[in-house]
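Biologist: Hi, I'm new to this one. Could you walk me through a few spots in it?

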Amino acid sequence: MKQSSIFFDGSKDSIKEFETAINSARDSILNYFKTDRAYSGKTPEELKEIIENDVFFPEDGVSAKELFSQLNSNIVSNLVNTVSTDYMAHLHCPPMISSIASEVIIGATNQSMDSWDQAPMSTEIEVYVVNELIKLYNLGEKADGVFTSGGSQSNLTGLFAARDWYCKTNLNHDVKYLGLPPSYNKFRIYTSSIAHFSTEKSAHLMGLGYNAVRKVPVDDRQKMNISSLKEMINQDIKNGLIPIAVVATIGTTDFGSIDPIKDIRIICDNNKMWLHADAAFGSGLILSHKYRDRLDGLNLADSITVDFHKMFMQSISCGVFLLKDQANFETTSLYADYLNREEDEEEGYTNLVGKSLQTTRRFDALKIWMSFKLIGKEGFDELITKTVDLALETYNLLSNNRDFEVVTKPEISSIVFRLLDKNKSDIEVDNLNAKIRKTLLLKKGVVIGQTKANGRVFLKLTMLNPLLNIERINRLLREIKALA
Ligand SMILES: *Cc1c(COP(=O)(O)O)cnc(C)c1O
């Protein structure tokens, strides 16, 4: 096999190989976007059969033509179509065209964000974009941040910072060098009962365990109940436990509900606790003039999770972790002689590895640079506001329809509801709703969500796609009733 067909060597052959591959990939993508069906409907068994009937790692490679033909018929045709208006299950967005183009550049140039000499311009762009985001979220002079693989990594970074800060300021103990203090199994982290599971995962990774996470009940708007939070903290202190942090959710994964962050800040201050804001979902509201006031108080958090691969409609992965006081990046900082010498920084060469849990890291900041520039503030405002408006319209539709029950009025762009049937028992209604979701997926290629609320099975629509409209929602509700 000629090397010029594998890498660029500047030859005519290599240019031709590259163009063929990119054009074939483009054709695959155009084919993928052609259908409005969200999913082919194939079952796990059917997918496994397709995969297993193929030779995975042949002795001799196949031709590019053969490769792309197999890719298209076997794989691309069975990917979920995130641009489809039949796709509304998860916080999983259609990527903007500018974001797709960025991915091509990111992949082809393969910059690595750990050290300046592996990503000179990319490092400067990331630093610049992070500083602009700090201004956007009004975090003040001392703030800093870093791009992450998404909300889970941002939440983990926030909780690492919280733990190390707590131990240093309140226990005079340096976790980085000494490990956990003897009282570690008394540490408690508070988050609402419907918060994202990454807080528990983080507690486990940090050596504190799931039981260190205290689940605070929510009110009927699915927001953290503040008097319960106060009571739980006071009771825990009485019992000799050590409350170290609260994770407030700014847009819960299911309901999009927003915890009362200003009240939580006061409680954290009174108890010398860290406040992390998980705004993986809700962070996009900042670009909507109509709805941005729902983020009031977000800038009071000590650390914030922002995801761009949700409301901001960027391709995966794209998220940022923001820290109110950059001194707390001490938790991830480390110097290696071969990579990021301390003297580099003094000379003005920024090595971002010291702010991240990752070493080799993608140039995801490019997507924000490209997408913000291309459609501007007005473009984002219009798209994001539209999805929140649509959720409200859907809520009005459902709450005026006796066949359905809806859990709560949305604050962002998701709706949790179920079909009712007075002649059926609770369990039968659960089964009915679960079956409707599965039938939509496998028979109609329509992907909607399912979750639990108040102990019962509910359906969920997550409306990140600005192409979605109320006519489509109306049609979906009719389809659901017809299936029942
Ligand atoms: C999606 C989500 C996460 C996890 O983010 P990833 O980007 O999927 O890792 C965390 N918290 C909330 C509230 C989320 O909605």
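Biologist: Where is N110 found?
Modeller: N110 sits in the loop between α4 (97-109) and α5 (120-136). Helices here are DSSP runs of H or I with at least four residues, strands are E runs with at least two, and both are numbered from the N terminus. This is a predicted model, where local features need pLDDT of at least 70, side-chain atom pairs count only at pLDDT 80 or more, and totals for chains, interfaces and linings use all residues. Residues are numbered from 1 along each chain as its sequence is written, and side-chain values use heavy atoms, with hydrogens and water left out.

Biologist: Buried or exposed, that N110?
Modeller: N110 is exposed, because its relative accessible area is 61%. Exposed means over 50%, buried under 20%, and partly exposed in between (1.4 Å probe, protein chains only).

Biologist: What about the phi of N110?
Modeller: It's positive, about 50°, although N110 is not a glycine. Most residues other than glycine have a negative phi.

Biologist: OK, new topic. Where is the place of M313?
Modeller: M313 is in the loop between β7 and β8. Phi of M313 is positive too, near 60°, and this residue is not a glycine either.

Biologist: And is M313 buried or exposed?
Modeller: Buried, because its relative accessible area is 3%.

Biologist: Which peptide bond is cis?
Modeller: The one from I316 to S317, with omega near 0°. Most peptide bonds are trans. S317 is in the loop between β7 (303-307) and β8 (319-323).

Biologist: Last one: where does E346 lie?
Modeller: In helix α11, residues 342-346. E346 counts as exposed because its relative accessibility is 70%.
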